[in-house]
Amino acid sequence: MLFTAKTGIQLEGTGVVQKGLEGVVAARSAICFIDGLQGRMLYRGYDIHDLAAHSTFEETAYLLWHGILPSPDRLAELNEQLLASRALREEILDLLRAIPRDAAPMDVLRSAVSFLSAYDPDAANHTREANLRKAVRLTAQFASVTAAWQRISNGGDPISPNPDLDHAANFLYMLSGEVADSEHAKAFDVALILHADHELNASTFSARVTAATLSDMHSAVTSAIGTLKGPLHGGANRDVMDMLHEIGETAGAEDYVNDRLAAGEKIPGFGHRVYKTEDPRATHLRRLSEELGRKSGDLKWHEMSRVIEKTMMDRKGIACNVDFYSGSVYSTMGIPTGLFTPVFACSRITGRTAHLLEQYADNRIIRPVGEYTGPTEAVYVPMDERPA
């Protein structure tokens with residue numbers, strides 16, 4: 001207990017204020033491990049490099065939820081469950097059609113997910129088994145809602161999922177109406193794996209805070225979407241693409257960075273609170289950016305990004321993060337810039353629901369202590385005695 005002489009009140013806590021809770025251990029978790037000094041990231045003990053090279057998004061989702069890699073039968077069962085959950089009810093599509101077309105995609109996703117709870121057969125069932133079923137449904141539905149909104153907001157009709165395609169390929173199909181080639185589908189699958197979890201980030205923490213009150217999974221996920229919408233958490237890859245468009249050509253990239261740094265401005269896609277070396281996810285996205293750019297016959301975004309990256313390393317010694325190359329990867333695949341943050345959410349829903357399962361299994365309400373800095377002896381003055 002902490003006794004504050006100023007107020008004479010005993011408070012729980014250490015008395016040390018960590019702004020932004022930086023460095024504070026707020027939960028024990030077996031889901032994701034990050035070594036920021038070495039640039040390592042593990043899901044359930046498996047190195048992200050191995051998962052990106054050999055796994056699939058569906059297999060990674062199973063790993064995050066269950067703690068082990070699935071057997072062939074278990075993976076086939078999960079694929080069937082995802083397939084059965086992809087099609088959206090007409091009520092959900094009617095909601096999307098009723099939303100103004102200029103609404104922010106993250107606002108749409110947040111509203112749709114909240115609305116989905118009204119039609120979830122396990123809405124009132126809070127057992128682990130029911131929450132696992134909800135995690136699968138939400139993973140399928142996030143992608144379907146995001147793709148459907150992109151179609152509807154542009155005056156088109158939603159496209160029904162293709163039963164012959166996996167999760168990554170289905171999203172690209174529902175977005176464009178065309179089956180993506182294997183290289184694009186695999187690149188998107190890898191991107192989903194890379195974004196699936198990242199320990200106790202802001203949106204995952206907000207989801208766990210909501211779940212800690214024993215609120216339901218849909219409510220906790222909705223909290224996370226609202227947190228992810230903030231520009232200090234999601235959206236940096238969108239800022240990166242805006243920057244690349246502003247620069248225009250590779251020849252102007254170095255001068256652009258130098259000018260912004262001289263003006264005291266930040267370069268989007270660089271620096272990370274956790275990583276002190278290269279973000280391991282950026283390693284794969286850099287490669288995908290080059291491969292997809294070469295395939296499309298246009299390496300401009302990649303080459304421009306390489307110049308920016310080198311300039312930032314030479315000038316500031318700062319490595320790029322996961323957002324820097326993901327923007328050019330998504331753009332080359334034809335994903336609109338406005339969908340970048342919802343696409344991030346479509347991946348992170350797997351890790352986020354894994355954290356919710358963990359929170360529910362060993363719950364204690366999350367209630368940190370705040371340090372009071374206001375007055376302690378204010379005297380109430382009646383209305384008629386207060387100055388005008």
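**Helix packing, hairpins and buried positions**

Helix 2 and helix 6 are roughly antiparallel to each other, because their axes cross at roughly 155 degrees and angles over 145 count as roughly antiparallel. Please bear in mind throughout that this is a predicted model. The two axes, those of helix 2 (residues 57–66) and helix 6 (residues 128–153), come within 12 Å. The crossing of helix 2 past helix 6 is right-handed. Which residues meet at this crossing? From helix 2 they are Phe57, Trp65 and His66, and from helix 6 they are Arg128, Leu132, Ala135, Val136 and Thr139.

Let me turn to the strands. Strand 3, residues 32–35, pairs with strand 4, residues 40–43, in the antiparallel sense, and four bridges join them. Within this pair, methionine 41 of strand 4 stands opposite isoleucine 34. Four residues lie between the strands of this hairpin, and glycine 39 takes a positive phi there, near 70 degrees. Strand 4 also pairs with strand 5, residues 46–47, again in the antiparallel sense, over two bridges. Tyrosine 43 has tyrosine 46 in strand 5 as its bridge partner. In this second hairpin there are two residues between the strands, and arginine 44 takes a positive phi near 50 degrees.

Next, helix 15. Is this helix enclosed or open to the outside? Helix 15, residues 322–332, is largely enclosed by the rest of the structure, because nine of its eleven residues are buried. The buried residues are Val322, Asp323, Phe324, Tyr325, Ser326, Gly327, Ser328, Val329 and Tyr330. Their cover includes helix 8 (182–194), helix 11 (236–247), helix 13 (280–296), helix 14 (300–316) and helix 16 (340–361). At the start of helix 15, asparagine 321 places a side-chain oxygen within 3.0 Å of the backbone nitrogen of aspartate 323. Just after the helix, glycine 334 has a positive phi of about 90 degrees.

Is threonine 204 buried or exposed? Threonine 204 is buried, its relative accessible area being 1%. Leaving aside residues up to four places away in sequence, threonine 204 touches Glu199, Arg348, Arg352 and His355.

Thank you for your attention.

Key. Residues are numbered from 1 along each chain as its sequence is written. This is a predicted model: local features need pLDDT of at least 70, side-chain atom pairs count only at pLDDT 80 or more; totals for chains, interfaces and linings use all residues. Side-chain values use heavy atoms; hydrogens and water are left out. Buried means under 20% relative accessible area, exposed over 50%, partly exposed in between (1.4 Å probe, protein chains only). Contact means heavy atoms within 4.5 Å. A polar contact is a pair of N or O atoms within 3.5 Å; within protein, one must be able to donate a hydrogen and the other to accept it, and residues adjacent in sequence count only if both atoms are side-chain atoms. Two strands pair if DSSP finds at least two bridges between them. Axes are lines fitted to C-alpha atoms, for helices over the stretch in contact, and angles run from 0 to 180 degrees between N-to-C directions. Angles under 35 degrees count as roughly parallel, over 145 as roughly antiparallel, 65 to 115 as roughly perpendicular and the rest as oblique. A crossing is left-handed if the near helix is turned anticlockwise from the far one by less than a right angle, and right-handed if clockwise.
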